[in-house]
Amino acid sequence: MNPLLSILGLQLFNVFIVVSGWQVDRRRTVRIPENVWRQAACEHEERVRKLLQPGLVSFYHPLNAAHRKNREKPEPNEWTALDPKHPVYNFLIEYYGLKGIKGPRRLARWCPSLSLLLQEETRIKTIAELEEASLTKCPKTRSTQDDEQQQDFDILNGGILLEGATEDDFSSLLHLRGAQMMLDSDQQVNGVLYCPSLLFGKGEPDRHEENVRLVTPFLWFKSILENTLQAEPILHCHGLHEWAMQYHPEGTDPPPSAKYQQHLQLRVPREIINETVERKGISCTHVDALRFFAPAAAPLNHHGSSLQRTDQLHLEQPACVHAHMDLLKIALKLRPFCDSKLLVRVLEIALESRTLDVAASPYDATSYGVGVVPVETLEGRAEYTKLQKDLMTRAERVRRDLLFAYEMFLPMAFSETSLQMGSKQPEAERYAKAEPGGLPWRKNLISSP
């Protein structure tokens with residue numbers, strides 16, 4: 001174990017002595033007893049398992065061959081890989097890299113909420129207290145300015161201690177990333193601390209340049225959340241991005257994106273696909289989706305046939321099902337500092353959005369239990385809009401809570417200087433373009449302004 005991550009003084013309340021030349025530091029620490037956090041972690045795993053179960057392959061599937069290791073039967077509650085052919089769940093693999101058995105496990109690992117640091121109490125006694133404290137949105141005020149300044153320092157430099165956690169818990173329950181091992185008097189691991197300021201070396205001069213680089217994607221996602229919440233919804237897109245992927249008018253080359261979901265039959269003939277796309281064109285605001293359009297569909301998109309990554313800041317809008325799905329990518333970026341209950345809510349919205357996405361597509365996914373929303377008809381478009389509005393309303397609450405999680409995390413992990421400089425030095429990938437049939441963002445860079 002890296003000695004820089006070894007923290008002594010477990011018996012002390014808010015004082016931890018860090019070995020290997022680190023200074024004695026004073027940090028506000030909220031402690032969670034072992035029985036409480038283990039119960040919360042098990043409940044989280046079951047919630048994730050219930051959501052993912054329809055998309056998991058069997059233990060005997062070839063994707064699990066290496067994991068089986070000649071075993072004839074699975075262990076109780078053993079994870080398996082997501083099915084890359086399931087039209088709803090395969091987006092978790094293709095878009096967000098949740099591949100193999102490690103993918104579901106990543107989602108099933110438990111994270112405490114940073115909102116716990118807003119509590120006056122520094123020890124959580126019951127699962128009910130843990131759930132109530134995790135919902136806190138603002139700290140309780142103190143009586144004097146000095147108290148408020150000390151409170152701010154305590155919160156922004158604090159951490160959450162899981163008592164009794166050991167290295168074995170990283171195999172399934174907890175995240176290894178960001179985990180600070182706590183040692184007892186016998187130098188045995190007897191707890192794990194999750195503290196953003198420790199993970200990123202907040203304020204350390206030799207980490208400044210690195211942190212300016214690390215903070216930029218967090219700031220980008222925060223901006224996306226903020227701008228999406230303020231944008232006007234577009235409720236006439238009718239999910240036609242999937243139809244644009246299959247658009248193939250006479251005399252044009254076959255669409256490259258026809259390879260996606262190619263194991264599914266089309267539920268409508270090619271002529272209907274072309275007519276549906278051409279009827280009023282496409283109103284797709286999602287910059288990532290444009291790259292998967294058939295090239296012939298590019299001129300039909302009312303929001304541009306060629307877009308830049310920075311266009312996402314003014315195009316992303318709160319009715320877009322793909323924007324809801326991307327909330328999962330934004331939440332996963334916060335690991336291990338994204339509250340697990342929030343992650344489950346994000347996953348629920350993402351899966352519901354994907355289900356609507358597939359139901360409104362030209363594919364026949366009924367064999368996977370997915371219904372049909374026939375947007376090629378007037379009635380189908382009305383049904384899509386109704387479902388889209390309902391999703392938008394529920395996704396807004398999740399998006400606001402995720403934004404709050406980012407607002408909590410950023411000043412805890414990074415110094416004010418790193419935040420300011422990071423906002424002025426965006427990643428090179430922010431300056432890239434998307435075109436139908438084009439290259440991924442990182443391979444299609446343009447000059448920054």
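Trainee: Why does I330 count as buried?

Mentor: This is a predicted model. In it, I330 has 4% relative accessibility. Buried means under 20%. The value of 4% falls under that cut-off, so I330 counts as buried.

Trainee: Where is I330 found, and what does I330 touch?

Mentor: I330 is found in helix α13, residues 321-333. Leaving out residues up to four places away in sequence, I330 touches F221, I224, L225, L402 and Y406. Take F221: 109 residues separate it from I330 along the chain, yet their C-alpha atoms are 6.3 Å apart.

Trainee: What makes a set of residues a nonpolar core?

Mentor: The residues must be buried, of the listed nonpolar types, and joined through side-chain atoms within 4.5 Å. The largest such core here has 118 residues. I32, L52, L92, L328 and F409 have the most contacts inside it. Helix α15, residues 378-413, gives the largest share, 14 residues. Another core lies apart from it, with five residues, including L161, M182, C195 and L198.

Trainee: Which residues is L52 in contact with, beyond its neighbours within four places in sequence?

Mentor: L52 is in contact with W79, L82, Y89, L92, P104, L107 and L347.

Trainee: How do you know that β4 and β5 pair?

Mentor: Pairing takes at least two bridges. Four bridges join β4 (residues 29-32) to β5 (residues 159-163), so the two strands pair. They run parallel. I32 has L162 as its bridge partner in β5.

Trainee: Which way do the residues of β4 point?

Mentor: T29 and R31 point one way, V30 and I32 the other. All are buried. In a regular strand, side chains alternate between the two faces of the sheet.

Conventions. Residues are numbered from 1 along each chain as its sequence is written. This is a predicted model: local features need pLDDT of at least 70, side-chain atom pairs count only at pLDDT 80 or more; totals for chains, interfaces and linings use all residues. Side-chain values use heavy atoms; hydrogens and water are left out. Buried means under 20% relative accessible area, exposed over 50%, partly exposed in between (1.4 Å probe, protein chains only). Contact means heavy atoms within 4.5 Å.
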